[in-house]
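My notes follow the display.

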Amino acid sequence: MRIVLVMSIGHTLLGLLESGPCHGYDLKRSFDERFGRDRALAYGQVYSTMSRLLKNGLVEIDGLESGGGPERKRYAITDAGVTDVEQWLGRPETPEPYLQSTLYTKVVLALLTGRDAADILDTQRAEHLTMMRELTRRKIDGDLGDRLICDHALFHLEADLRWLELTAARLGELTLEIRK
Amino acid sequence: MTDSLLSGHDLHKTYGSTPALAGAEFTIRSGEVVAIMGPSGSGKSTLLHCLAGIVRPDSGTIRYDGRDLTAMSDGGRSALRRSDFGFVFQFGQLVPELTCLENVALPLRLNAVKRKEAEARGLEWMERLEVADLARKRPGEISGGQGQRIAVARALVIRPRVVFADEPTGALDSLNGERVMQLLIGAARSTDAAIVLVTHEARIAAYSDREIVVRDGRSRDMARAA
Amino acid sequence: MNVLRDLRMGAGFAVTGGREGWIRTLLTAIGVGLGVALLLLTTAIPGALSARDERGRDRNEQRGQAAQAGDHTLLIAHADTTYKGDEIRGRLLRAEAPKAPIPPGLAKIPLPGEMVVSPALADLLDSSRGRLLRERLPYRTVGTIGDKGLIGPDELAFYAGNDTVTTGDRWSSVLRITAFGSPFPADPMDPRLVLLVVVMFVVLLMPVAVLIATAVRFGGERRDRRLAALRLVGADARTTRWIAAGEALAGSLFGLLFGLGFFLIGRQLTGVASAFDLSIFPADLDPSVPLAVLVALAVPFAAVAVTLFALRAVVIEPLGVVRAGTPPRRRVWWRLLLPVAGMVALYPLIRQGSESGQFNRGQVVLGVVLLLLGVTAMLPWLVEAVVARLGAGRVPWQLAVRRLQLGSTSAARAVNGIAVAVAGAIALQMLFLGIENDYTKETGADTTRAQLAVSSDAQVGTEGIARIAGQIRETKGVRSVFGRSGTRIAEPGEDSGPGASLTIGTCDTLRELARIEGCADGDTFIVDPRTSNSVGGMQPAPGKNVVIDPGQGPRTSAAPTPWLIPKAARTVPGRADGSGIAPDGVLATPGAVPAAVTRQLPYSMTVALDPAVPDAIDLARNAMARVDPLAQVYTLNETRESRRFANVRTALFIGSTVVLLMIGASLLVTMLEQLRERRKLLSVLVAFGTRRSTLSWSILYQTAIPVVLGLFLAAGTGVALGAALLGMVQRPFGVDWTGLASMTGIGAGVVLLVTALSLPPLWRMMRPDGLRTE
Ligand SMILES: Nc1ncnc2c1ncn2[C@@H]1O[C@H](COP(=O)(O)OP(=O)(O)OP(=O)(O)O)[C@@H](O)[C@H]1O
Ligand SMILES: [Mg+2]
């Protein structure tokens, strides 16, 4: 889970910035509010991520408040940053266990930034099914061992897919919740 | 799709005030297996019924093998279903008073094939679906999984060019469900039949080549979504 | 205790089972109700007939005749007539004193020139159809006859006041009475007619019983499934049976109420029955209380018994009904026992019933009931046995046969009623045919020579006859009239012994009665005995001394007159006149007999009409009523059917048609229920491209196979029963093929009707809606 989070934290923060420039401290707060259910984000991680994004030109400093600690910096997203978020959201995740957190994050961000969340889910769904087809093919041709292994993966993927379906069905509800 | 066998374009169908289809699209080629997925009540079955010529859509066109299905008479569509289409439903589809073999032979007999020959061909298909030993039993005396295989045999016995399957595994456990799917797909592939497969289960949909999702009467082709 | 609780629970299901449950209870109630109504009607008919009979006897004038006019005597004369085929009862009344008896239904004796009429006659007189009748009854209508004085609501009758009738010589048919009423006990019915009526009741009531038994099982298949569900949650077999019985009980109780309603409505419709000469007052249709109570108790009891009995086979297993397997084979031996026992009961009666002999009714009823019950017991077995052997032919045939193989019970049950009704009706038709000749007499009338016959007690003499004949002859539409008078001649002496007849008429008239070459007034002829059909009697001869003895005719005080048969009398071959009467004895012209004698004799006439003149019959009758209102005028027919016999026959026909239609209704209900249960399957078959016609044919076969088998069995049983009944009345065996054909035809018609009525719902159900999973 950690890994997943680390992998997507940069994009998540970028996405949050997309709705308007804000301070590092506020960024952490809104991240925690929406995604930090299990564990709050450490300040250190926010700053290290932000400085990486700065270095890559995806964000820029929008202004400094007097008294000037790092938490007083105000960040804004650059055009390159927006494109990066866009690409990330549109790219299906490699189907694998515990994917929900990332997908959830993506969906919420899509809703926050007014993008089509259903599209994200459908894309993911297609990706999942493609993989399931591949596994099914392997299963039909393979020996019992292959079959068992493939079935294990298939059942997990199916569970994901169900989650995708459920989420798709609840997008309306979720939108209301997030926008409130 | 240049060589599509069966296609529906801009299909609309309303029951009373309930819109069941609102501009659905569909296309399938020979030998292709297409899964139709989507939430309950989204219009999957309605789409399947329209494509099979069982229900006439309010508007839109359905083309099968160069013919306009929506322009055909009820009798013409029935004849087409008898000769070119096969059907598998979720349950309750076998005629309870006929033996399993007679059930399988029924579509052939509706096509005026002699009883002896119809039953011989029916028995072949029952063998392929590994249920030949049930030939003399009645549907009331066999299990749900066995019944579904009989139904598959019955759908394939006329060597249809399109098989319509509406939740064929809905009432079966995963093992039996997949077994039925494998037999259905295997048999259909061997005769180059196309399969329109409505299902809720991803693992069953995974047997398809392509899937479309129906939501609120509108279809979405997932091949293009990806 | 537990049984009561279970029954109550079942009754609860009957009324709280949702819409489905309600419909089923309603169907049961209607079916039972129709049966109950029919039962009440049949139990009321004997009472109605005897009430009718009683009123008929109360207004009879045979009792209380008086010889002398007194202070409470009434003169009454018959003035019956027939108008356009309808018989009209007419009486002329002349009170001889203020205290004269008043006929039932009248407030007072009408004054001369006035009449009191029955409501039906009043309507007829008011209608344009009654135009000619108004001429015949030239009286002023001053009131209507009350129900008390009529035997049925549609009876045509009148009482007219009169001040000319006397009991004198001229009006010898006039009676002087002091009271109304009949001195004779009611006619006992001919035992053969009694046999007919008894069998008829059994034959009509048996299908009703079968119908009730079927009705309480309406919706049985669905019910069985619900009971199976009860078993699943732990009810034992006994409990479920009683619950089912409770349901049937509730249905049958509703049925009783419905039946009462149907009956009350139905008895207002007795006008329907009057179309068949059975006019009955609604109030007369009063079921006897003990019989009604018996019906009220027997029907619910039968409902419970039938259900318990029927469920004995459907062992309601928790899953047994859910999965239709192949049911166990029926056994035949006990089913055969019933008809055999029936035959054993009837056999000793064969050759016993002579014309006068009485039958042991109990034994007849038992035998017939057992035989017919045998049909209901045999049919399910027969259907099953035959259907099991039927090969699979075309698809519709295969569907129907397989369906019946899987469960033919409900089909056989519904057909049972038809089979019983047809078997009984065929047997009765045979019996009818066998004894028909006894009741339909060849009258011998030659309707090409004469269409009306007149006979009157008026003693008008030769000139009178000539005058009346002349007046009638002048009437429009009359071609010829031959009038004559007749009496008897015998050996002179105290004990005159057998006699011969003497017919007096003009030469023209006598030529109608014999082949006569030359004739002049004063001639006498003797009918060649070889050409007359009278046997024994006196043989007249020319020059023989005899007495003319009018005393043998209607009441006169005339003494015998000696007469010498003229020596010149020639023997001539006789021939029957237009009314079919062949003469015997002596034919004389008026000049050959003393005029004093001819003035004492009643007369008769035959009238030939011109068929081209419309209403010629009624014009002639009107003329006759003018000149001799008390003369009786008959329309000549080649055959005459006993009235009672005709009534019995029409009643049978109506009864069996009604029963067959009711059974058709129950067949239809069974079929519709089956279709409704198979909705989904029908849709699947449609998806496969099954033609409408395929399924329609399969429905036809499915109904027709049991019905055809039922009709076969019915024909066999019916012929056997008919043979036994014919044996009982000692008539040769003969099958009434038209009866058989018409009854089986009605049965087949019912099949077609049921199929035809099932098709629209079938087609409606063949729509794809059924494909949706429930
Ligand atoms: N015959 C009908 N009469 C009325 N409404 C109908 C009829 N058939 C379908 N509908 C309605 O049309 C809509 C689509 O129904 P359809 O059966 O196609 O859904 P589905 O996707 O197959 O659902 P499920 O997955 O539950 O089978 C539903 O709202 C349904 O209530
Ligand atoms: Mg569906």
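I count a residue as buried when its relative accessible area is under 20%. The model I am reading is predicted.

**Chain C overall.** By that cut-off, buried residues make up 52% of the 774 residues in chain C. I looked up its secondary structure and found 21 helices and 19 strands. I then checked contacts in chain C between residues at least 6 apart in sequence: 83% of them join residues at least 24 apart. Chain C exposes about 34000 Å², and carbon and sulfur atoms supply 60% of that.

**Strand E11 of chain C.** I picked the strand at residues 500–505. Five of its six residues are buried, so E11(C) is largely enclosed by the rest of the structure. I looked for its partners next. E10(C), residues 478–490, pairs with E11(C) in the antiparallel sense over six bridges. There, C:Arg484 has C:Gly505 as its bridge partner. E16(C), residues 586–588, runs parallel to E11(C), with three bridges. C:Thr503 stands opposite C:Leu587 of E16(C).

**Ligand 1.** Which chains surround ligand 1? Residues come from chains B and C, so the site is shared between chains. I found 15 residues around the ligand, with B:Ser40 and B:Lys44 among the closest. The shell divides into three nonpolar, eight polar and four charged residues. I noted distances to oxygen atoms of ligand 1. A polar side-chain atom of B:Ser45 lies 2.6 Å from one, and a polar side-chain atom of B:Ser40 lies 2.9 Å from one. For B:Gly43, a backbone N or O atom lies 3.0 Å from an oxygen atom of the ligand. The protein covers 75% of the 630 Å² of accessible area that ligand 1 has on its own. H1(B) gives the most to the shell, with three residues.

Note on methods: Residues numbered from 1 in each chain as written. Chains lettered and ligands numbered in written order. Predicted model: local features only at pLDDT ≥ 70, side-chain atom pairs only at ≥ 80, totals over all residues. Heavy atoms only, no water. Helix = DSSP H or I, 4+ residues; strand = E, 2+ residues; numbered from the N terminus. Buried < 20%, exposed > 50% of the residue type's maximum accessible area, 1.4 Å probe, protein only. Contact = heavy atoms within 4.5 Å. Areas by Shrake-Rupley, 256 points an atom, 1.4 Å probe, with all protein chains shown as cover. Pairing = 2+ DSSP bridges. Near = heavy atom within 4 Å. Polar contact = N/O pair within 3.5 Å; in protein donor to acceptor, adjacent residues only side chain to side chain. Nonpolar A, V, L, I, M, F, W, Y, C, P; charged D, E, K, R; others polar.
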